[in-house]
There are 4 protein chains.
Amino acid sequence: MVGGGKDAFIGAVHRIAALMDGEIEIVCGAFSSNPEKSKLSGEMLHLDADRVYGSYGEMILKEKSLPEGEAMDFVSIVTPNHLHFAPSKMALENGFHVVLDKPMTFDLQEAKELKKVVETSGKLFCLTHTYTGYPMIKEARQLVANGVLGKIRKIYVAYPQGWLSEFLEGGDNKQASWRTDPGKSGIAGCMGDIGTHAFNMAEYVSGLQVTKLCADLNIVVEGRQLDDDGSVLLKFNNGASGLLYASQVAAGEENNIRISIYGEKGGLEWKQEDANTLLLKWLNKPTEILRAGNSYLSSYAQHNSRTPPGHPEGYLEAFANLYRNFAFSVRAQAEGNTAKAEWLDFPGVDDGIRGMAFIQNVVKSSKSNEKWTEFVV
Amino acid sequence: MVGGGKDAFIGAVHRIAALMDGEIEIVCGAFSSNPEKSKLSGEMLHLDADRVYGSYGEMILKEKSLPEGEAMDFVSIVTPNHLHFAPSKMALENGFHVVLDKPMTFDLQEAKELKKVVETSGKLFCLTHTYTGYPMIKEARQLVANGVLGKIRKIYVAYPQGWLSEFLEGGDNKQASWRTDPGKSGIAGCMGDIGTHAFNMAEYVSGLQVTKLCADLNIVVEGRQLDDDGSVLLKFNNGASGLLYASQVAAGEENNIRISIYGEKGGLEWKQEDANTLLLKWLNKPTEILRAGNSYLSSYAQHNSRTPPGHPEGYLEAFANLYRNFAFSVRAQAEGNTAKAEWLDFPGVDDGIRGMAFIQNVVKSSKSNEKWTEFVV
Amino acid sequence: MVGGGKDAFIGAVHRIAALMDGEIEIVCGAFSSNPEKSKLSGEMLHLDADRVYGSYGEMILKEKSLPEGEAMDFVSIVTPNHLHFAPSKMALENGFHVVLDKPMTFDLQEAKELKKVVETSGKLFCLTHTYTGYPMIKEARQLVANGVLGKIRKIYVAYPQGWLSEFLEGGDNKQASWRTDPGKSGIAGCMGDIGTHAFNMAEYVSGLQVTKLCADLNIVVEGRQLDDDGSVLLKFNNGASGLLYASQVAAGEENNIRISIYGEKGGLEWKQEDANTLLLKWLNKPTEILRAGNSYLSSYAQHNSRTPPGHPEGYLEAFANLYRNFAFSVRAQAEGNTAKAEWLDFPGVDDGIRGMAFIQNVVKSSKSNEKWTEFVV
Amino acid sequence: MVGGGKDAFIGAVHRIAALMDGEIEIVCGAFSSNPEKSKLSGEMLHLDADRVYGSYGEMILKEKSLPEGEAMDFVSIVTPNHLHFAPSKMALENGFHVVLDKPMTFDLQEAKELKKVVETSGKLFCLTHTYTGYPMIKEARQLVANGVLGKIRKIYVAYPQGWLSEFLEGGDNKQASWRTDPGKSGIAGCMGDIGTHAFNMAEYVSGLQVTKLCADLNIVVEGRQLDDDGSVLLKFNNGASGLLYASQVAAGEENNIRISIYGEKGGLEWKQEDANTLLLKWLNKPTEILRAGNSYLSSYAQHNSRTPPGHPEGYLEAFANLYRNFAFSVRAQAEGNTAKAEWLDFPGVDDGIRGMAFIQNVVKSSKSNEKWTEFVV
């Protein structure tokens with residue numbers, strides 16, 4: 001693991017997600033650019049001291065030199081955005097599969113380069129767009145893919161948060177500080193941090209691609225350097241239109257990412273707040289409540305849940321689904337087996353490129369007086 | 001009553017709303033341009049045959065000639081949009097107060113003229129933007145007005161319906177036919193029919209005014225002549241931004257108009273589906289569930305409900321609130337008394353003008369390549 | 001109307017319910033035992049002064065003497081429980097149909113006598129168990145009757161309120177005072193006031209009858225004279241078991257009467273808080289959300305709603321359904337026509353007798369050391 | 001781990017719960033009475049072959065002989081009910097802490113003996129009443145303990161399931177077979193399996209104890225040997241009354257265990273279906289929605305969640321809370337430190353005894369003609 005030392009929020013989440021299913025063991029780490037901090041994090045995780053490294057470079061080289069079966073199989077990179085590209089590239093080039101936190105890179109240019117590295121390496125690559133790991137999001141995607149809703153006409157996706165309603169940056173709040181700092185986050189704030197999740201969910205569930213957009217990004221809190229709020233009109237490649245909004249100043253909101261999609265025959269609705277439920281709406285018959293864990297669901301939804309219906313699974317299980325599917329795929333590759341389609345259904349380098357392109361296009365559109373901006377990759 | 005004969009959906013709704021509180025009696029009507037139909041409607045309503053008229057013109061003149069106390073006090077006009085202006089004008093000019101179905105007129109020009117007529121007449125005028133009649137919408141407005149949320153930053157309003165997902169016009173479906181006919185509805189379809197409700201709700205609850213907008217209107221169903229779907233980015237006069245969407249092709253949706261508003265200190269959320277509930281969200285304390293009928297609510301919310309908490313009131317009561325408040329105001333004027341502020345809190349001619357301007361501006365923006373269109377009245 | 005003068009909660013509700021559909025006009029009343037109060041109430045209602053009477057006896061006799069077509073057609077009796085029997089009997093015996101507030105009488109003996117009076121009179125009689133007037137409760141009854149759930153196995157019904165959590169009686173709170181006074185309410189408090197509604201709903205929706213029960217009634221608030229809380233185990237005549245609980249000390253609850261019924265094939269769930277929704281649950285497929293106003297519902301549900309799906313109807317419309325169905329039935333009888341089954345579907349004298357028997361049996365059981373008490377009528 | 005081999009539902013759940021937080025490693029197991037099956041389970045879990053044992057007896061003795069720091073620290077026992085007592089006793093007597101699946105033993109007699117063994121051993125013992133591991137259940141208990149609701153008056157707890165609506169036993173359904181077999185489950189079916197969870201939750205959250213009860217247990221599905229449904233009236237040691245129902249024939253229900261508690265000042269409501277929410281209801285002010293992960297919650301609720309508000313945690317995290325708290329307590333004991341109160345807040349041997357007493361008393365009451373049965377331990 002690179003980054004994610006003590007007190008790092010997302011590092012702890014990655015570890016729970018990785019460990020939960022007993023398929024993955026944490027064997028080494030370079031948890032901080034500060035060697036002392038890295039060491040303390042390793043102790044907290046009960047790791048061998050000699051596999052807690054002072055830098056990712058050291059880790060990759062030393063692990064590479066270990067005998068097969070002993071070295072790490074893949075590396076998780078959970079650093080801030082500006083430190084995504086270099087360790088990913090080095091890991092891939094030295095023969096390690098990579099799990100990388102989103103957004104993929106600091107800018108689109110890096111993203112395109114990383115894609116080439118992944119392809120050359122032949123290694124597996126997973127980008128942790130967690131929200132597509134929910135079983136009912138898998139089900140939604142299958143329903144659309146199978147034509148259950150007919151041709152898709154309308155896509156609404158939203159991600160409201162309220163935690164940046166006040167000016168928190170610059171002080172103790174490490175999360176607020178790096179996420180609002182253009183030097184660490186890149187050219188977008190809210191849109192990069194959570195807008196990309198919403199964008200990825202819209203494309204993942206619908207199976208469509210955005211072709212043009214019209215964005216209104218705002219800096220609501222005085223003194224902030226990056227957008228903390230935005231709305232985006234969307235056009236998709238099948239002619240459907242859509243709407244994406246994300247905000248970090250929606251005071252009182254927690255993390256209620258949600259999506260509604262409408263087609264000729266019906267619609268569907270999902271929200272993280274009630275993650276085990278998917279509503280399926282029809283023109284002239286009752287709405288149906290699809291629930292995780294039931295035998296009437298697709299193989300994709302069933303594969304991605306662990307408990308019988310009615311025992312809620314949540315965000316950590318959605319995250320764990322990414323890791324478990326990645327681990328199954330890594331093992332299949334190692335053993336020369338064919339990975340199941342359900343295992344390979346995790347976000348990858350193309351999602352990452354489109355996410356970075358979303359950031360670039362949305363920022364460009366926001367500054368433009370033209371209504372529509374082409375979605376350029 | 002002008003229009004709203006047998007089988008007219010909105011006419012029946014107006015009558016229930018008018019009668020419910022025992023403050024209003026239906027005494028006469030010109031229910032249809034077809035005298036035979038008008039007569040049958042009058043019979044259905046147990047009216048005196050000699051007060052069922054063949055045209056609104058006849059009705060207004062005959063009623064005017066009746067002795068005071070016997071003639072109607074006010075007239076309800078519930079015809080399609082293109083027949084709003086003329087009867088309203090004539091009624092006002094002949095001394096009758098008017099209740100008029102929305103949108104106010106066929107176009108903005110008529111709306112402005114009607115405003116002059118209302119002002120000259122000194123008569124009361126109510127435009128039936130029903131959804132602002134809900135007690136919890138009254139409460140929401142009071143909370144914002146009293147600064148409970150701090151400065152408003154963000155307004156989301158939506159009105160999804162699915163009933164026009166298929167091409168229904170031209171056949172038996174009278175509702176579908178006139179609402180999609182530019183000759184009867186005007187230049188907008190979905191935006192005129194339900195977008196105006198959403199727009200009115202946003203301005204009513206926030207107390208703010210839209211200053212510019214960016215619209216994406218769509219004709220989704222092949223062969224349709226007017227927009228059946230649209231999304232609009234909004235800017236308000238205090239600097240807040242917003243988002244309005246309305247659709248009649250959101251398959252499986254009923255009439256779930258809803259609004260969320262966020263300020264510096266907190267947010268609020270209301271949806272028609274759960275009309276007796278208003279959520280009040282806070283930055284660092286639990287969300288509160290405000291419920292209709294409780295003594296902790298403002299005088300506005302309390303005045304506009306009839307039953308103790310927990311006995312749901314609905315759409316018809318919201319509509320009846322407009323009529324009851326209008327009736328109280330009419331009586332106060334007749335008796336030379338001052339109407340209470342709670343009574344006068346019904347939508348009027350200025351709401352109507354802004355609604356017609358919304359239609360005009362939104363259609364203009366939709367056709368424009370410029371991102372922002374000034375909201376011109 | 002007998003009783004229900006100014007400030008009487010339930011009288012005002014009856015009037016809204018009666019007037020809403022334009023089928024009923026209030027023509028006379030004896031609104032209070034105090035003639036002065038009765039007169040003021042009549043003025044408030046814009047009635048002719050000579051049809052506002054000082055007593056129900058005077059009203060019945062005078063109205064009887066009026067020419068046909070001018071006299072009242074039926075009388076609504078909305079007095080406290082101890083004043084139900086006498087005016088009902090007198091009205092029926094003098095040729096007037098009767099609408100009576102529940103519970104039907106002061107005790108079971110009166111109830112049985114009233115049944116004889118109704119049968120002898122040939123007049124129509126409606127007992128206002130309001131909650132069975134909701135369209136989705138009608139739908140629930142039809143689903144069970146049509147065997148959709150298979151043989152019924154389990155019935156849960158609950159009516160929690162919190163308004164009597166403190167000792168309110170004896171002071172200004174007229175509602176609290178008479179409802180907790182054995183001289184006015186009879187032998188039961190909470191069970192008579194709201195337990196009977198829950199009992200009626202269980203039997204109405206299931207089409208079954210209770211055969212024995214086991215009750216635990218409590219006086220929770222110190223100094224109170226009647227039960228303010230209770231739970232009852234039930235056995236039904238098809239072998240199903242059930243559970244009824246009602247409380248007026250469930251602090252923070254409003255009026256959330258609700259019911260769940262399970263059969264061999266599936267279950268249903270309804271709650272007043274979300275009255276336009278009925279959940280239909282299945283063994284091995286998704287739960288369905290049935291919603292009022294839709295064309296997929298039974299004729300009973302459709303007949304008892306007024307607006308398109310998504311416009312919520314509430315308690316007052318449920319109440320109005322009783323009055324409208326009663327009025328249609330009265331008119332059919334007057335005109336010598338056959339009333340439709342949907343019209344005659346209002347609670348009557350047999351419901352009243354079973355309700356009074358419920359009160360008697362539940363109080364008997366509560367005092368008994370035996371587990372089961374036969375349900376004796 | 002004893003029991004819980006391949007295909008065992010609850011064994012897999014225990015493992016996820018144990019592993020999730022990186023505090024526990026599975027080092028050995030006797031996963032099945034069939035040595036071949038046990039071996040295969042060990043391979044699936046990537047265990048050393050020489051620590052996969054053919055019987056729990058062998059495991060306990062061999063592990064005991066290993067050097068400190070290498071032997072297991074505690075044992076998880078996840079066998080059917082009739083195989084709880086013996087391995088627990090042996091493990092404790094040989095110096096191992098124990099985590100045991102509920103209900104604690106086959107009968108009350110065994111439970112009492114086990115308590116003595118635990119006390120003599122000085123070892124830690126955790127009984128996996130999972131549902132009390134939810135952070136909002138922790139919060140509920142704290143609110144009651146701190147007097148926020150005033151004196152408790154009423155407790156409703158329910159656990160409806162539908163999965164045994166048909167006769168599934170005897171065939172392939174291993175879960176259905178042992179749970180309905182008196183030889184493996186003991187004297188109760190539904191009440192032992194899920195009624196005990198509801199009972200434990202009622203006593204845990206309220207801090208009260210049941211003193212007498214009145215039960216109606218039913219065998220609804222023909223041919224079944226144990227109760228599959230039941231309702232129980234309760235009396236608590238502070239004078240409060242309550243109601244518990246549990247059913248496995250509530251067709252269409254998943255696992256919606258829920259609880260409502262009312263006191264003098266307010267009430268609370270929680271349901272597993274929406275596990276991250278706790279409603280707090282008040283007499284005269286708005287209901288509050290308390291949500292997991294927020295800083296306004298007690299230290300107990302905060303300690304038992306892992307993610308920021310709005311990222312749902314579920315059943316597996318609730319289960320993991322038991323394991324994590326147990327592991328922290330085990331480590332504290334091993335290191336001679338004082339365990340925090342939050343760590344020691346897991347269900348123990350006294351909960352187990354009361355659970356077994358509940359089963360015995362509820363079965364006794366169900367057969368009795370007396371209304372009330374004393375709760376004898």
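Modeller: Two residues are in contact when heavy atoms lie within 4.5 Å. Residues are numbered from 1 along each chain as its sequence is written, and chains are lettered from A and ligands numbered from 1 in the order in which they are written. This is a predicted model, where local features need pLDDT of at least 70, side-chain atom pairs count only at pLDDT 80 or more, and totals for chains, interfaces and linings use all residues; side-chain values use heavy atoms, without hydrogens and water.

Biologist: How many salt bridges cross between chain D and chain B?

Modeller: The rule, a side-chain nitrogen of Lys or Arg within 4 Å of a carboxyl oxygen of Asp or Glu, finds 0 between chain D and chain B.

Biologist: And how many are there between chain B and chain A?

Modeller: There are 6 salt bridges between chain B and chain A. A:Lys235 pairs in a salt bridge with B:Asp216, their closest N and O atoms being 3.0 Å apart. In this interface, 43 residues of chain B contact 43 residues of chain A, and about 3,300 Å² is buried, 52% of it from carbon and sulfur atoms. On the chain B side, B:Arg153, B:Ala251 and B:Lys371 lose the most area to chain A, together 19% of what that side buries.

Biologist: Let us turn to single residues. Why does A:Arg291 count as buried?

Modeller: A:Arg291 counts as buried because its relative accessibility is 11%; buried means under 20% relative accessible area (1.4 Å probe, protein chains only). A:Arg291 belongs to strand S11 (residues 287–291) of chain A; strands (E, at least two residues) and helices (H or I, at least four) are DSSP runs numbered from the N terminus. Beyond its neighbours within four places in sequence, the contacts of A:Arg291 include A:Asp274, A:Tyr296, D:Glu254 and D:Glu273.

Biologist: Which residues of helix H4 of chain D are buried?

Modeller: In H4 (residues 85–93) of chain D, these are D:Phe85, D:Pro87, D:Ser88, D:Ala91 and D:Leu92. The buried residues of H4(D) pack against helices H3 (56–65) and H5 (108–121) and strands S1 (74–77) and S2 (97–100) of chain D.

Biologist: Where does B:His46 lie?

Modeller: B:His46 sits in the loop between helix H2 (35–44) and helix H3 (56–65) of chain B. Its phi is near 60°, positive in a residue other than glycine. Most residues other than glycine have a negative phi, and most peptide bonds are trans. The bond from B:Lys102 to B:Pro103, however, is cis, with omega near -10°.

Biologist: Finally, how many cavities of 30 Å³ or more are there?

Modeller: There are 7. A cavity is a set of points on a 1 Å grid over the protein atoms alone where a 1.4 Å probe fits but cannot get out, and lining residues have an atom within 4 Å of a point. Probe spheres set on the points, which are joined across faces, edges and corners, fill the volume. The largest cavity holds about 180 Å³, and among the 24 residues that line it, B:Glu273, C:Ala275, C:Asn276, C:Pro312 and C:Glu313 are closest to its centre.

Terms used
Buried < 20%, exposed > 50% of the residue type's maximum accessible area, 1.4 Å probe, protein only. 1 Å grid on protein atoms, 1.4 Å probe; cavity = no way out; pocket = protein on both sides within 12 Å on 5 of 7 lines; lining within 4 Å. Buried area = accessible area lost by both parts, 1.4 Å probe.
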